[in-house]
Amino acid sequence: MPPLPTELQSSCDALYIYECQQAGLSIGDLEKLSYRQVQTLLDIYSFVHDAIAYAEDDEEARKGEQEFWS
């Protein structure tokens, strides 16, 4: 997905919809889900995205810790 245009970055509603679309939610999904459900899905997306981004670092840290305690 392309980056959000600069002129829309200060628009809360556009930013919210953009974040939802980044997480794979469509406008139709937003119509059907409650705000709390959408926030939960955004939190899950953020958690998984971070886990994937830092998976290699986390694995190296686990190996280092295991070697330290061995």
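The chain contains 4 helices and 0 strands, both being taken as DSSP runs numbered from the N terminus, with at least four residues of H or I for a helix and at least two of E for a strand. Read along the sequence, these elements give the pattern α-α-α-α. The structure is a predicted model, in which local features need a pLDDT of at least 70 and side-chain atom pairs count only at pLDDT 80 or more, whereas totals for chains, interfaces and linings use all residues. Residues are numbered from 1 along each chain as its sequence is written, and side-chain values use heavy atoms, with hydrogens and water left out.

The predictor's confidence in each residue, expressed as pLDDT from 0 to 100, averages 86 over the chain, and 89% of the residues score at least 70. Confidence is lowest in helix H1 (residues 12-22), with a mean of 86, and highest in helix H3 (residues 35-53), where the value is 93.

Of the 70 residues in the chain, 11% are buried, a class defined by under 20% relative accessible area, with exposed set at over 50% and partly exposed in between (1.4 Å probe, protein chains only). The accessible surface amounts to about 5,900 Å², and carbon and sulfur atoms account for 56% of this area, as calculated by the Shrake-Rupley method with a 1.4 Å probe, for which only the protein chains shown count as cover for residues.

Two surface patches were assigned from residues with over 30% relative accessible area and no salt bridge, like charges being joined within 9 Å and nonpolar side chains (Val, Leu, Ile, Met, Phe, Trp, Tyr) within 5 Å. The nonpolar patch, of about 500 Å², is made by Leu 41, Ile 44, Phe 47, Val 48 and Ile 52. Leu 41 is found in helix H3 and is partly exposed, its relative accessible area being 36%. The patch of negative charge gathers Glu 56, Asp 57, Asp 58 and Glu 60, where Asp and Glu count as negative, Lys and Arg as positive, and His and the chain ends are not counted; the place of a charge is taken as CG of Asp, CD of Glu, NZ of Lys or CZ of Arg. Glu 60 lies in helix H4 (residues 55-69).

With a salt bridge defined as a side-chain nitrogen of Lys or Arg within 4 Å of a carboxyl oxygen of Asp or Glu, the count comes to 1. In this salt bridge the side chains of Arg 62 and Glu 59 meet at 3.1 Å, N to O. Both residues lie in helix H4, 3 residues apart, which is about one turn of the helix. Arg 62 is partly exposed at 48% relative accessibility, and Glu 59 is likewise partly exposed at 35%.
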